[in-house]
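My notes follow the order in which I looked.

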Amino acid sequence: MEKYNSNIKLGTATINVVNLEKQIKFYTESMGMSLISSDNKGATLGTSDKTPLLHLNKVEGPLVRSYGLYHIAYLVPNEQDLANILRHFIDNHIPLDGGADHGYSNALYLADIEGNGIEVYYDKDESTWDKREDGTIVGITEQLDADYLLSISEKVIPYTLPVGTTIGHIHLSVKNSSESTSFYQKVLGFKDKFTVPSASWIAYGDYHHHLAVNQWAGPNLNLRQKGTPGLAYFEIIFVNNATYTNIINNIKEQNINIIQELSNKTIITDPNGIEIHLIDQ
């Protein structure tokens, strides 16, 4: 993401899962991830060059409806890669929740077997994005041209998620969208890119969004509780030491509770109980 003057990128995400074996099977077979390491407590998955994208952490149930993850968005390198994974999903009867043309990206949506949302997308050329003078980047939601993607797709057997795939953004389900986006902007230095009354898309630098928040689940869910199924935490990696130092100082000045502070990592939670690991690269 540094090419968008971002000073940050997203690291791995960690999900608490009840059925570790079935989730490993889903992420390797359905998503094409490679199993990097595993034991009876968890697993790390990613691309075939051993770049980690996801940690699965085994917990006991039950599934609790709480704020947390809306989806993890895996950014594949190009249009061909999205076409190939769409072909894989369809050929293997993997249920999709839909697809969309967002103006700056084309995306596919699905969920794992415990309901954790997944987006797979690629970014269109930055010159085609709807950028405004005030820095906002306007997204749209229009029908994805799946027929075109399938027409250029190549059958990859066995299917593997392409090397170069990263977590491009994380979309969070929150109690109050305006409160959450305010936290991420005032405390963690994100900038608003596009906002509607029930959701916001925010980023560092010139990217369309590294994070999104929405209140579409309503006001009556539980706050995230540590150890429950769902999103355990996600990582924001600061590629610029000065930016990291400024953010940590800002957290302290605003009396945000710090769960743990190490020499190159600080752990906090957002207003929904969602745990965030801030890392100084």
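**Entry 1: a strand pair.** I began with Asp101, which stands opposite Asn106 in strand S7. Helices (H or I, at least four residues) and strands (E, at least two) are DSSP runs, numbered from the N terminus. Strand S6 covers residues 98-101 and runs antiparallel to S7, with four bridges joining them. Two strands pair if DSSP finds at least two bridges between them. I then looked at the turn: S6 and S7 form a hairpin with three residues between them. Gly103 sits in that turn with a positive phi of about 85°.

**Entry 2: how I read the model.** This is a predicted model, where local features need pLDDT of at least 70, side-chain atom pairs count only at pLDDT 80 or more, and totals for chains, interfaces and linings use all residues. Residues are numbered from 1 along each chain as its sequence is written, and side-chain values use heavy atoms, with hydrogens and water left out.

Entry 3: Tyr109 stands opposite Glu119 in S8. This hairpin has five residues between its strands, and Gly115 takes a positive phi near 90°. Why is S7 largely enclosed by the rest of the structure? Six of its seven residues (105-111) are buried, so the strand is largely enclosed. Buried means under 20% relative accessible area, exposed over 50%, partly exposed in between (1.4 Å probe, protein chains only).

Entry 4: H1 spans residues 20-30, and its buried residues include Phe26 and Tyr27. Gly32 follows H1 and has a positive phi, near 75°. I looked up Tyr27 again in the largest nonpolar core, which has 60 residues. Tyr27 is among those with the most contacts inside it, as are Met31 and Phe234. Such a core is a set of buried Ala, Val, Leu, Ile, Met, Phe, Trp, Tyr and Cys residues joined through side-chain atoms within 4.5 Å. Apart from this core lies another, of 15 residues, including Ala100 and Tyr104.

**Entry 5: Glu275.** Is Glu275 buried or exposed? Glu275 is buried, with a relative accessible area of 9%. Glu275 lies in strand S16 (residues 275-280). Its side chain makes a polar contact with the side chain of Lys226 at 3.1 Å. A polar contact is a pair of N or O atoms within 3.5 Å; within protein, one must be able to donate a hydrogen and the other to accept it, and residues adjacent in sequence count only if both atoms are side-chain atoms.
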